[in-house]
Amino acid sequence: MTGKRDVKCKLEIDEPKAKECPEGKFIDPASLMEKGKFVFKVPPEAPVFEPTAEEFKDPLKYIAKIRSVAQETGICKIRPPSNWHPPFCVDVDNFKFTPRIQKLNELDASTRVKLNFLEKIAKYWHLQGIRIKIPVLEQRAVDLYSLYKIVEFEGGFNEVCSERKWSKVASRMGYICEKSSGTVLKGHYERWLNPFSLFHATIKDEIYYKPVKRETLVNIKEEGSSTSNSPNKRARLSPDDEKDMDDYIKDPFYLMENKELRKLQFFGAGPKMAGFSSKCRIGHLKTKETKKSKRNRKPTVVDDLEKYYCQKCGSGKYEETILICDGCDLSFHMQCLIIPLTTVPKGEWRCHKCVINEVIKPSDAFGFEQAQREYTLQQFGEMADQFKSKYFNMPVHLVPTDKVEQEYWKIVSSIDSTVIAEYGADLHTMDHGSGFPTSLALCGNEDNTFYKSYIEDHWNLNNIPILKDSVLSFINADISGMKVPWMYVGMCFSTFCWHNEDHWSYSINYLHWGEPKTWYGVPGSAAEAFEDVMKETTPELFHSQPDLLHQLVTILNPNILMKANIPIYRTDQRAGEFVVTFPRSYHTGFNQGYNFAEAVNFAPADWISMGRECVNHYSSLKRICVFSHDELICNMVSSCDDLAPKAAELVYDDLNEMVKFERVQRKALLDWGVTEADFVEFEHQVDDLRQCMVCNTTLYVSAVSCLCDPKRLACLRHFKQLCNCPAQMHVFKYRYTLDEFPPLLRKVKAKAEIAYDD
Ligand SMILES: [Zn+2]
Ligand SMILES: [Zn+2]
Ligand SMILES: [Zn+2]
Ligand SMILES: [Zn+2]
């Protein structure tokens, strides 16, 4: 995909420890707003298909028929004929599950970057004994991250002041009263961000790590005081100073659960979440001060050893102005600090070196927290309905879907929201039984022909993966995670994050009952462009967690992706409707309310070439495979009498591809000097014990080992990186000789050519 994406502006990401961190694409908050208010611009609708009763007989045939249209949108909706109504077969009384807790704004990649930044700022001030309060302007919490980035981009504080750019900054932040809000923003920047920015600059220059002569120290101090931050002004940072605090929140409704954010005070009307009060109102947690401050400790004996000497100027004079760091016990004159202090800070105080060490510590990796509570369906439904009706202050079914959609994206984008959803996700049908009738669970309807007809129904999601034309049925290994359906119990706002399917397979999702599920999809052809934008928008996150998209914990406002020219389509899946996702299509979404869905992966023959591309891609990412693609293809070849001619043709193409690769790579191995070879039936080894040491791909057709450690294996791409031993020490492991392939190819070709004879 070489789609042109307009880069709004490039900002240098100034991460102290992450020098190699790529440049990020910063999104102006104003670009997601209209007239000072957050607005979600609704993406175009994905196609909806209504098969006739005749067309509906064969799911894979029907999906192949709509493929040329539907793969262009990544996702599509299929509405079954009106008489198709499978009974719901979950044992409702015994169905119990423990949902995941989802803090919505922490799921959003760009909001998470902002929260991480706030955590750093809060830590920076806290370590100096000052508690930051998040200012409020035009009824919303000031987005300090965007303010910091925009001022940095406009040339820094001094330039923004001298060039009178504060109105422009306010406009880029999405404020309506640009002039007056610009002035207020200037004050907040000067107060909270400029010292941090100067501090960041000192990290860059590493002033503290260089041995410096006294003269240069004086210069540094003068540079510092040449900014508009005169010591007198800085004295206003004292937490006791409650003047000018009208623009801050004195009595926050809640405090965040994050370690450092807990110390932050946000303004927020707060969501109406009575059902969650115990989780929302976390209460004021005062930080413990166990360590007694040594600040201004007077030595009892006047002794050179006990005396305090400033680490900067080397003098021990003016002892009453010497601060002792609570981190490293070194001492400094208040006036010798990079940002000098005029009053003794309250609480703990740390020197710059210790502040640096604390602030650059990476934030905790992000993942879902498991809720403590177990629910029955009935209990979950009551909680879910109570939450939604209280939140919107009306009966659940009267809330329009577009209203929930606007509210959802507003919540995930706001730094000061605490909305929490619970999602009964990834409930395996092997543990809980399927929502569709199966021969195992007939709900006491053994003689009911209506029930029985749905056991064999091809749209019953238990059957789709094992249909004759579904290639996953040829995998012998236990991949029940991909072949057996999963179930999802949703409530309003519960979220499934951006992801595509393992091995880029298809997925099909059926909504058994309840309120709609809202989906957003990206066509598979735009998958790489999508990944690029995700990484460019939030490089801070991807830098620390490169595998973020595979961990299924990230959402990003589709509007940000649309601005980067990524095609996005949406749909509201209602009860009784299917949604199909196509190979490599990224999708995300949320539930409108209490509902019950079931989903499974499947792969018709047209997926085969995507499947090979995918394992090659996984190899480049060192991502572990769910199964061996080569093994699947070889299994299909050995039972090719069962294949449809069209499928045989696609298997032939893929096998041909595999054989070409094997010929080239085996020759390279021979040329390198490997002469030993062993026949191995890899299919009898568990997958964990047959992975390439370098790229983690699951080995099947061939592998290379070395006598120095026969347990270690490499694929034909990476055999030279297995160890440092000479080629003669290595052993080639093969499942098939090259001579075995031509007969196999001929056999599949013969099956495929029947298609042309018909
Ligand atoms: Zn000094
Ligand atoms: Zn220190
Ligand atoms: Zn490899
Ligand atoms: Zn070796």
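**Legends for a predicted model**

**View 1. The whole protein and its surface.** Among the 758 residues of the protein, 56% count as buried. The secondary structure comprises 23 helices and 27 strands. If you take the contacts with a separation of 6 or more, 77% of them join residues 24 or more positions apart.

**View 2. An open sheet of 4 strands.** Follow the order E17-E22-E19-E20 across the sheet, and you will find antiparallel pairing. Strand E17 (495-499) and strand E20 (569-573) are the edge strands, and each pairs on one side only. From one strand to the next, the twist averages 15°.

**View 3. The pairing of strands E19 and E22.** Here we zoom in on strand E19 (residues 517-522) and strand E22 (residues 586-591), which run antiparallel and pair over 6 bridges. A handy place to start is Gly521, whose bridge partner in E22 is His587.

**View 4. Helix H13 on the sheet.** Helix H13 spans residues 401-413 and packs on the sheet, where it touches E17, E19, E20 and E22. The direction of helix H13 makes about 110° with that of E22.

View 5. Helix H17, made of residues 527-537, lies across E17, E19 and E22. Relative to E22, helix H17 runs at about 65°.

Methods: Residues are numbered from 1 along each chain as its sequence is written. Chains are lettered from A and ligands numbered from 1 in the order in which they are written. This is a predicted model: local features need pLDDT of at least 70, side-chain atom pairs count only at pLDDT 80 or more; totals for chains, interfaces and linings use all residues. Side-chain values use heavy atoms; hydrogens and water are left out. Two strands pair if DSSP finds at least two bridges between them. Helices (H or I, at least four residues) and strands (E, at least two) are DSSP runs, numbered from the N terminus. Axes are lines fitted to C-alpha atoms, for helices over the stretch in contact, and angles run from 0 to 180 degrees between N-to-C directions. Contact means heavy atoms within 4.5 Å. Buried means under 20% relative accessible area, exposed over 50%, partly exposed in between (1.4 Å probe, protein chains only).
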